[in-house]
Amino acid sequence: MNKGELIEHIAKQADLSKAAASRALEAVIGGVRTTLKKGGTVSLVGFGTFSVTKRAARTGRNPRTGATIKIKAAKVPKFRPGKALKDAL
């Protein structure tokens, strides 16, 4: 399912126009993004938890040349599914 199909599904299930469903989805994604940027977590009971983790700096290898390179430390988003989502699968 891509973003367009998700918007269509939301519109159908919530009896909304596609424009309203699109705005609602953008608002949810924006809220999650803003919270993660601030270092917080977003917990949706029954679905899962979005959080930010820190990845340490490390050395890697350029696959084209084989040369060793330094990979910087980074903050990466993480999703941990909830029990209800796991059970549904």
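Modeller: Start with serine 51, which lies in strand 2. Keep in mind that this is a predicted model.

Colleague: Why does serine 51 count as buried?

Modeller: Its relative accessibility is 14%. Buried means under 20%. The value for serine 51 falls under that cut-off, so the residue counts as buried.

Colleague: Which residues is serine 51 in contact with, leaving aside neighbours within four places in sequence?

Modeller: They are Leu36, Gly40, Thr41, Val76, Pro77 and Lys78.

Colleague: Threonine 49 is found in strand 2 too. Is it buried or exposed, and how do you know?

Modeller: Threonine 49 has a relative accessible area of 18%. Exposed would need over 50%, and buried needs under 20%. Therefore threonine 49 is buried.

Colleague: What does threonine 49 touch, not counting residues up to four places away in sequence?

Modeller: It touches Thr41, Val42, Ser43, Lys78, Phe79 and Arg80.

Colleague: Now the sheet. In what order do its strands come?

Modeller: The order is 1-2-5, in an open sheet of 3 strands with antiparallel pairing.

Colleague: What makes strand 1 and strand 5 edge strands?

Modeller: Strand 1 (42-44) and strand 5 (74-81) each pair on one side only. On average, neighbouring strands of this sheet are turned by 30° against each other, direction ignored.

Colleague: How do you know that strand 1 and strand 2 pair?

Modeller: Count the bridges. Pairing takes at least two. Strand 1 and strand 2 (residues 48-55) are joined by 3, so they pair, and they run antiparallel. One example is leucine 44, whose bridge partner in strand 2 is glycine 48.

Colleague: Which helix packs on the sheet?

Modeller: Helix 2 (residues 18-37) does, touching strand 1 and strand 2. The direction of helix 2 makes about 35° with that of strand 2.

Colleague: How do helix 1 and helix 2 pack?

Modeller: Helix 1 (residues 3-14) packs against helix 2 at an angle of about 115°, and their axes are 8 Å apart.

Colleague: Why is helix 1 called roughly perpendicular to helix 2?

Modeller: The label covers 65 to 115 degrees. The angle is about 115°, which is why helix 1 counts as roughly perpendicular to helix 2. Their crossing is right-handed.

Colleague: Which residues make that contact?

Modeller: Helix 1 gives Lys3, Leu6, Ile7, Glu8, Ile10 and Ala11. Helix 2 gives Lys18, Ala21, Ser22, Leu25 and Glu26. By class, there are 6 nonpolar, 1 polar and 4 charged residues in the contact of helix 1 with helix 2.

Key:
Residues are numbered from 1 along each chain as its sequence is written. This is a predicted model: local features need pLDDT of at least 70, side-chain atom pairs count only at pLDDT 80 or more; totals for chains, interfaces and linings use all residues. Side-chain values use heavy atoms; hydrogens and water are left out. Helices (H or I, at least four residues) and strands (E, at least two) are DSSP runs, numbered from the N terminus. Axes are lines fitted to C-alpha atoms, for helices over the stretch in contact, and angles run from 0 to 180 degrees between N-to-C directions. Contact means heavy atoms within 4.5 Å. Buried means under 20% relative accessible area, exposed over 50%, partly exposed in between (1.4 Å probe, protein chains only). Angles under 35 degrees count as roughly parallel, over 145 as roughly antiparallel, 65 to 115 as roughly perpendicular and the rest as oblique. A crossing is left-handed if the near helix is turned anticlockwise from the far one by less than a right angle, and right-handed if clockwise. Ala, Val, Leu, Ile, Met, Phe, Trp, Tyr, Cys and Pro count as nonpolar, Asp, Glu, Lys and Arg as charged, and the others, Gly among them, as polar.
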